[in-house]
Amino acid sequence: MSLNIQNLHANIGEREILKGLNLEIPKGQIHAIMGKNGSGKSTLAKVMAGHPDYEVTAGEVTLDGLNLFEMAEPDERARAGLFVAFQYPMEIPGVTIANFIRAALQARLPKGEELDAVEYYELLYKKMELLKIPRNFTSRAVNEGFSGGEKKRCEVLQMAMLNPVYCVLDETDSGLDIDALKIVSEGVNAMRSPERGMLVITHYQRLLDYIVPDVVHVMVDGRIVLSGDKSLALKLEANGYDWVEKEALQQA
Amino acid sequence: METKPDLNIDRSIGDFHYDVDYEFDAGIGLSERTVDYIADVKKDPDWIRDFRKDALRKFESMPMPTHWASHDLDNIIFENIRYYLSQGTQPKRSWDDVPEDVKRTFERLGIPEQERKFLAGVEAQFDSEAAYSNIKAAVGDQGVIFVGSTEGLQKHPEIFRKWFGKVIPTGDNKFSALNSAVFSGGSFIYIPPGVKVKHPLQAYFRINAENFGQFERTLIIADEGSEVMYMEGCTAPKFETSTLHSAVVELVALKGAKIQYVTVQNWSANVFNLVTKRGIAHEEAEIKWIDCNIGSRLTMKYPGVIMKGRKARGEVVSIALASDGQHQDTGAKMIHAADDTTSNIVSKSISIGSGRSTYRGLVQVGRHLKGCKNNTECDALLINTESRTDTYPAITVRGKENACQHEASVSKISAEQIFYMQQRGISEGAAMSLAVNGFVNDLVQQFPMEYSVELKRLIDLEMEGSVG
């Protein structure tokens, strides 16, 4: 059981961004992808989620054997268990967080079945406490006027509420100060489970001090070029990415 | 006649009709004979008959306002319309006495149930006349009058005649003249001094017949220090041919009185809805129009408040939703005619597909006045690139120490927002619906609870239909 990406190629317009990416995240593990700006990290997250701007030209992604690309709409993929915490979450004016998450949970119920409001709020408040989000947050519109840290906490709150099988966290550490980083990481760590796989996309190894990955991958120019354990992240931090790129070129 | 694309939206709530035998039928077309027929059936006093005939002459002499308004108005064929249809002029006081087919209609629309639950009184108009009209005993005992316009002018002439046609003169516009010639139905309400009516009074306007014009006339007088909320709803079945609805509503709020007038307009997409609504607010009085337009083919409606007394307040809160083939041409008129008067206009429109929304606002503050304030906010939301929105504000502020503020915005629901919501598992249609409800959320909360729930449901239905 895994999130399995095989030979994934994807374009935006005429430009190829993902150039044959292979990656397998077994359930129960956390993997990290590191890489320079423009290496295609965020594209990977969006392509899997089904963003309309990207075109998949080759390859396959399966969620526990289910072919992701056979699900045309992003919402089908989400309901199949894929969650993406975005680097830049959208603002939805006038829609409160409570109503938004409720609508997302309601969408997972069979037609005609209504979400129990009392149970819903109990769960919501519990998860909010964990992420140290104040109660009055629920009546604010989704991401509207939020600070960077609030947006990221809101993403992790949604993730905790929707209980996905595979999570992709895209630069969740960007825009966070150290206290917020700790809180968000605790929230993510609380979701570690043998029943769940996670992919953490990041620029900096700092995040990986808090969310300790089982495997670290390095992405260069739309491909995974190097994989290793946690120590790889430290090596990248110390020596930069250039040596990886050179090595990758030699292998190619 | 211009053809309009079919509306791909759920009209199931009002889209049904029963064959009804009409006892009174003025026939097709409009002439002095039509007016006489109506006056005869209604046993109008002479002054009303004369009022009608004078109005007919004005109507005939006035041009269509197509030099500024939509040319779609030219598609109204006045000689094809039936101007009066009824089963009798006396509304029933009990639902048990309402003829079965008519009663069935209102039951299907949920009116008797709402009456039991939360209303102080109900009037249910079926084509030209009210089939049912009743007020809760406790409210009637306070001296509140809530009857149809005919009963109002016959039984309460001393109040009726003093105000009738005074807020909106017959010749105000072509359609107020038409209404004045052939009016029938609508409400006459009088609230005695100091009486605060706790629960809303409601009128429901139902068009059942084809090729028909409904011309109700409503006059509400809130005497000094009194308060009332009036709500109106409306539906019609969707016919191939066009239907005309042209009402005139006059409100008078005497010193310190408060009137709230709530409309949820859900006419079928073949209805021309051309309505004139205006109120006069005396000293320290307050008139608030809460207006929601979801249905109709073309709506032209600009509720107004004339702030005649010092410290009077006027407010218009409006939501318009224009789907494919619809044009919602709405707005507000605020006439400041005394010192320290305040007005507020908040208008939100949503245009979908080829739907079109127009906002027209008029704010006037006279030269000799001081301390007047107006705030206008006007926001438009466009869904897909075909849709169109126009804003025509006309603000004339003279005099000193008057403040006027106008803000307008146009926004779109972006593909990124929809994608974000879909990534959380919400379908495209539900995502649109959430975004639209979010856009109007602050205004919907101003509607009475029962109406805001209904409104949200209507928006959901519209949005589901708008996604392929």
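These exercises walk through a predicted model with worked solutions.

**Exercise 1. Describe the overall build of chain B: its elements, its dimensions and its burial.**

Solution. 
Step 1: Count the elements. Chain B holds eleven helices and 24 strands.
Step 2: Along the principal axes, the C-alpha atoms of chain B fill roughly 65 × 55 × 45 Å.
Step 3: Look at burial. Of the 468 residues in chain B, 56% are buried.
Step 4: Look at sequence separation. Take the contacts in chain B between residues at least 6 apart in sequence; 83% of them join residues at least 24 apart.

**Exercise 2. Trace the open sheet of ten strands in chain B and find which strands stand at its edges.**

Solution. 
Step 1: Write down the order. In chain B it reads E4-E3-E7-E10-E13-E15-E18-E20-E22-E24, and the pairing is mixed.
Step 2: Find the edges. Strand E4 (129-135) and strand E24 (403-412) of chain B each have a single partner strand, so one side of each has no neighbour in the sheet.
Step 3: Note the twist. From one strand to the next, it averages 5°.
Step 4: Check the E24 end. Strand E22 (residues 373-383) of chain B pairs with E24(B) in the parallel sense, over ten bridges. Here B:Asn374 stands opposite B:Cys404 in E24(B).
Step 5: H10(B) lies across E18, E20 and E22 of chain B. Its direction is at about 170° to E20(B).

**Exercise 3. Is strand E18 of chain B enclosed or open, and which strands does E18(B) pair with?**

Solution. 
Step 1: Count the buried residues. In strand E18 (residues 313-322) of chain B, ten of the ten residues are buried, so E18(B) is largely enclosed by the rest of the structure.
Step 2: One side carries B:Arg313, B:Glu315, B:Val317, B:Ile319 and B:Leu321, all buried. The other carries B:Gly314, B:Val316, B:Ser318, B:Ala320 and B:Ala322, also all buried.
Step 3: Take one neighbour. Strand E15 (residues 286-293) of chain B runs parallel to E18(B), joined by eight bridges. B:Lys288 has B:Glu315 of E18(B) as its bridge partner.
Step 4: Take the other neighbour. Ten bridges join E18(B) to strand E20 (residues 342-352) of chain B, again in parallel. B:Ala322 has B:Ser351 of E20(B) as its bridge partner.

**Exercise 4. Find which residues of helix H8 of chain B are buried and what they pack against.**

Solution. 
Step 1: Count. Eight of the nine residues of helix H8 (residues 174-182) of chain B are buried, so H8(B) is largely enclosed by the rest of the structure.
Step 2: Name them. They are B:Phe175, B:Ser176, B:Ala177, B:Leu178, B:Asn179, B:Ser180, B:Ala181 and B:Val182.
Step 3: List the partners. These buried residues pack against helix H1 (32-41), helix H2 (46-61), strand E9 (217-222), strand E12 (248-253) and strand E14 (271-281) of chain B.

**Exercise 5. How do helices H5 and H6 of chain A pack?**

Solution. 
Step 1: Read the geometry. Helix H5 (residues 148-162) and helix H6 (residues 178-189) of chain A pack at about 10°, with axes 10 Å apart.
Step 2: Classify. An angle under 35 degrees counts as roughly parallel, so H5(A) is roughly parallel to H6(A).
Step 3: Name the contact. H5(A) gives A:Gly149, A:Lys152, A:Arg153, A:Val156 and A:Ala160. H6(A) gives A:Ala180, A:Ile183, A:Val184, A:Gly187 and A:Val188.
Step 4: Sort by class. Six are nonpolar, two polar and two charged.

**Exercise 6. Describe the contact between chain A and chain B.**

Solution. 
Step 1: Count. Chain B gives 20 residues and chain A gives 22 residues.
Step 2: Find the elements. On the side of chain B, helix H9 (415-423) and helix H10 (428-444) give two or more residues.
Step 3: Sort. The chain B side divides into nine nonpolar, seven polar and four charged residues.

Terms used:
Residues are numbered from 1 along each chain as its sequence is written. Chains are lettered from A and ligands numbered from 1 in the order in which they are written. This is a predicted model: local features need pLDDT of at least 70, side-chain atom pairs count only at pLDDT 80 or more; totals for chains, interfaces and linings use all residues. Two residues are in contact if their C-beta atoms, placed from the backbone, lie within 7 Å. Helices (H or I, at least four residues) and strands (E, at least two) are DSSP runs, numbered from the N terminus. Ala, Val, Leu, Ile, Met, Phe, Trp, Tyr, Cys and Pro count as nonpolar, Asp, Glu, Lys and Arg as charged, and the others, Gly among them, as polar. A residue is buried if 20 or more other C-beta atoms lie within 10 Å of its own, exposed if 12 or fewer, and partly exposed in between; C-beta atoms are placed from the backbone. Two strands pair if DSSP finds at least two bridges between them. Axes are lines fitted to C-alpha atoms, for helices over the stretch in contact, and angles run from 0 to 180 degrees between N-to-C directions. Angles under 35 degrees count as roughly parallel, over 145 as roughly antiparallel, 65 to 115 as roughly perpendicular and the rest as oblique.
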